[in-house]
Structure formats: C-alpha cells, structure tokens
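Please view the sequence and the structure alongside the text.

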Amino acid sequence: MTSLTPDSAPAPVVHRGPVTSASYSITVRLTADGDPASVGRIATAVGNAGGAVTAIDVVESRPDGLTVDVTCSAADAEHSEEVVAALDAVDHVHVRKVSDRTFLLHLGGKLEVASKVPLKTRDDLSMAYTPGVARVCLALAEHPEDVRRLTIKGNTVAVVTDGSAVLGLGDIGPGASMPVMEGKAALFKRFGDIDAWPIALDTQDVDEIVRTVELIAPGFGGINLEDISAPRCFEIEARLREKLDIPVFHDDQHGTAICVLAALRNALRVVEKQLTDVAIVVAGGGAAGTAIVTLLLEAGATNVLVWDREGILSPDDDRLTPAKLDLARRTNPACRRGELPDALQGADVFIGVSAANVIQADVLAGMAERAVVFPMANPTPDVDPVRARQYAAVVASGRSDLPNQINNVLAFPGVFRGLLDARAKEIRPGMLLAAADALAAVVGDDQLNANYIIPSVFDPAVAQAVAHAVEESARAEPGATADVPGDAD
C-alpha cells in the first residue's frame, strides 16, 4: 500500500497527455460530511484536476457523514498526487488513505504453482510420487525422447533475464526485473496456455548466463530471453542456439520484429504502398531495432536507414560497435550521414524503438505524403503519438490506451505454442515471417482502416493463427523439429 501526501492547496488544472491510464490508478479513502452534495463535489474535484473517476463506493454511512472510496485514474505519478491534493482541498472532505492499485495487484507476486493431478488419496500419491513415479523415471532414462511428452518440458518455457535492459528503465537489476518477468509468464499462460517461469540471473557475464541456461535447459521446452542489453544479447542468443536442442527466442528482438512487420504490412495496405518501394527509417540500433531491420529485409524491404545516438548509422563511421557497423553495412551502402530529422526527410515509414521524445511531432512534416509512424519506445514513445496524427496517415505505438497497440503479446504466446506443438529444436527466419503474415491476416479487408491495422491482444484468433503458422513452418523446415516418439502403452 502506497501513501501519497496531499498538498495543502488545490491542484491547478494542468493540460497533460491525451488520456489517463489504469497503470496510474489510485483508490482514495475519504471522510465527508453528511451533505448530500459531497459526493458530487468529490467527483467534480477529480475531473477538474484532470483525473477520471472509475468508481465511488460508500464504505460507511453515518448520520454525521460518509466514508467513501474514490477510484480514479491519472496520467502519471505526479498527476496522481495532484488529484489527491484536489480532493483534500474540497470543503469538509478529509483524505485518510491513498492506495496505488498497481502496487496492490503485485502484492505477493502474480504467479503460483498448481497441480494438474488430484492428490487426495494414497492411490493418488503412489502414482504421482513414490513408488509409481520411479517407473516413469526409469522409462525416461531408457527413452529420453519421451521427456517432452511425460513431463512439463513439453509445455514449459524459461523466461530468462539479467535485468540489464528492463522495458525503457534500463539496467535496474534482476530483482527489480521480476514484476516484468512474472507478467510475461502470466501472459504465456493466458494467451498460449504455456507454463512459463521467470529466471532472473544475478550476473551480466555472457559466459555465466550461457552456461546457466544450458544447465537448466533439460527442464524446459523453450528459452525466452528477455530484457538483456545489446550487444551482449546477440552473443548470448547465438551461443545458446548453437548449444541447445530447444528453441531460443529473444522476445525484445524477434517478438517485436514480428509485430512490427505485421502492423506495417497492414498499414501499407491502408496507404496503398508496397514494402519493396517505401523508404523506412528505424530509430534505435539496439536489440529491437536490429531484429526489426533484419526481418524487414528478409520480407523484401530495400530502402532502410537506422539512426542511433551516433546519428544515421554509416559503414564509414569508426565510432560504431561491431553490431552497429554490421547494421550500417546492411542498410546504408551509400554512407549517408546526418541526424534523425535528416533521415526522415521524404521517408514513408518511421519506426521508433529508441528513447522517449527523441523528436518533436513537427519533424514528421518532412516525411512523404500518407506517412506511417510507429513510435514504440516504452514507456514513453519516441514522439507523441497523438500529435503525430497531424502529420501521418497511420500511427501505431506500444500504448494500450491508444488505437493500434503494437504489443509483443500478439506474437510470443502463439510463436511458442507453435514451436512446442511442432517439437521444434530451433527458430528459423521462415517461422518469424510466417508468424508475421499470420498476425497481419487476422485483420480482414472488411476491418482494416487507419485505426485498426493490428488486432486486439484479446482476440482469440491471434494466438491460434500465429501458432498454426509457426507449427506448419517448423514442420516444413528439414531438421527443425525433433523426432516424434510413438504413443506410450
């Protein structure tokens, strides 16, 4: 429970972002006098402070007054405090306690382990545990190919992080990363019916991470690398893919790339342009940017520039790291130089995976007509997506409170569902392209418009379509799947 100390004066009306968000939702317990108009004054105070009331619940009613819980959403943490101050400034109203609903949701964590089998009798115990379990262990020792079928391995993914690049928060460490990893595991279960578990490692040493994952891999059917900073994440993924016989998927790279390609395919349908013809600018040459560029090139894009803190990445720039130099060689053979506004002049598409507010919206005026803009930096986009709509025909972002949310949950549950069902040993580019095409196809011609280029994360067709496409692609790739053992007796 988190308390906010209200200011002594009412908060002024401040013009903030376009919407409030449930992620900054608070419940304020108030005492008010017996005046019937008190509740109306409370709701008005929240509205005047720019908040949105979602519930007002009477906790206790007495002849001399009320105790009320007011639940409302704000734009950010500072705004929450202003809403509380506005409530405390209402005549005959006293703020007793403020609870942050997001923190309350995380109390005790978001995951639990539940048994799939009954354990009510001696017979249950004798089969699920000793002595019956020994028979299964001996069978697996003799036929290890059955491990995926007779244990949780066939439906379990390790979500592995070192906490070095968590969301847009940076290197906050393994402990602080756990809420994100728990959330990821919860999404695996909700959208892919996959049992995933957060593995937060207290090391950033590449050798230690690779060896640790290698050691725990026998208990998992797949590895989801998460929030590991570039360029180490590239080496970790490459080495694990070489060593392991289960798929290794870096969601910050490949999940993002799948969703971006799917959204871009549909956005280009809206503006009637072709991927092979458009000029694309990607802001951010880290893990996500590199994977997006790689998949775009694989899909047929021919004109891509990448911008990062060094400027437009150019092959003749000796400041670049080896990873960025490789990216520059694949995208900028003409050795163009300049900053992000220079790159955007005449461009058809802007994809942002860099940092908050790297450009102002008016810079987008220099783009081509009917431009497509995807500012996806998290939690604050690269450019204000609402203001970007003044200059672009199609805008998408990572925000859940705006149309066209590009969210990795659209990809990774279905991708892993397909990989696990196919008993895939690895992930290949064709599987990523198949996932992107399947995701794009969920939006039919009768649904497609500038505000709907990507389906809702709650659309049940999404995970099914992606899983089916990935499974088919995996089975069609020679050597990509494990031999499927025969049915057990």
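## Loop residue R370

R370 is located in the loop that connects β12 (349-352) with β13 (372-375); helices (H or I, at least four residues) and strands (E, at least two) are DSSP runs, numbered from the N terminus. The model is a predicted one, in which local features need pLDDT of at least 70 and side-chain atom pairs count only at pLDDT 80 or more, while totals for chains, interfaces and linings use all residues. Residues are numbered from 1 along each chain as its sequence is written, and side-chain values use heavy atoms, with hydrogens and water left out.

With a relative accessible area of 44%, R370 is partly exposed; buried means under 20% relative accessible area, exposed over 50%, and partly exposed in between (1.4 Å probe, protein chains only). Setting aside neighbours within four places in sequence, R370 is in contact with V270, V271, K273 and A393, where contact means heavy atoms within 4.5 Å. R370 and V271 are 99 residues apart along the chain, and 6.1 Å separates their C-alpha atoms.

## Domains

The protein is divided into domain 1 (22-106), domain 2 (122-246), domain 3 (271-398) and domain 4 (410-476), with bounds that come from an automatic or database domain assignment. The centres of domain 3 and domain 4, taken over C-alpha atoms, are separated by 24 Å. Between these two domains, eight residues of domain 3 are in contact with six residues of domain 4.

An unreviewed UniProt entry lists residues 27-103 as "domain: ACT"; UniProt positions are given in the numbering used here, feature names are shortened, and annotations may be inferred rather than shown by experiment. The span 27-103 is 34% helix and 47% strand, and its end C-alpha atoms lie 11 Å apart.

## The antiparallel sheet

Four strands form an open sheet in the order β2-β3-β1-β4, with antiparallel pairing; two strands pair if DSSP finds at least two bridges between them. Because β2 (52-62) and β4 (93-100) stand at the edges with a single partner strand each, one side of each is left without a neighbour in the sheet. From one strand to the next, the twist averages 20 degrees. Axes are lines fitted to C-alpha atoms, for helices over the stretch in contact, and angles run from 0 to 180 degrees between N-to-C directions.

Strand β1 (residues 21-33) and strand β3 (residues 65-74) run antiparallel and are joined by 10 bridges. S21 has A74 in β3 as its bridge partner. Helix α1 (residues 38-48) lies across β1, β2, β3 and β4, and runs at about 150 degrees to β2.

T27 belongs to strand β1 and is buried, its relative accessible area being 18%. Beyond its neighbours within four places in sequence, T27 is in contact with D69, V70, T71, K97, V98, S99 and R101. R101 is 74 residues from T27 along the chain, with 6.8 Å between the C-alpha atoms.

## The parallel sheet

A further open sheet of four strands has the order β6-β5-β7-β8 and parallel pairing. Its edge strands, β6 (195-200) and β8, each pair on one side only. Neighbouring strands of this sheet are turned against each other by 25 degrees on average, direction ignored.

Strand β7 covers residues 222-225: G222 and N224 point one way, I223 and L225 the other way, and all are buried.

| Strand pair | Bridges | Direction |
|---|---|---|
| β5 and β7 | Four bridges | parallel |
| β7 and β8 | Three bridges | parallel |

In β8, L225 is partnered by H250.

## Helix α9

β7, helix α9 (residues 232-243) and β8 make a right-handed β-α-β unit. A crossover is right-handed if, with the strands pointing away from the viewer, the path from the first strand over the helix to the second runs clockwise. Helix α9 lies across β7 and β8, running at about 165 degrees to β8.

Which residues does E237 touch, not counting residues up to four places away in sequence? They are L225, V248, H250, Q253 and H254. E237 has its place in helix α9, and at 7% relative accessibility E237 counts as buried.
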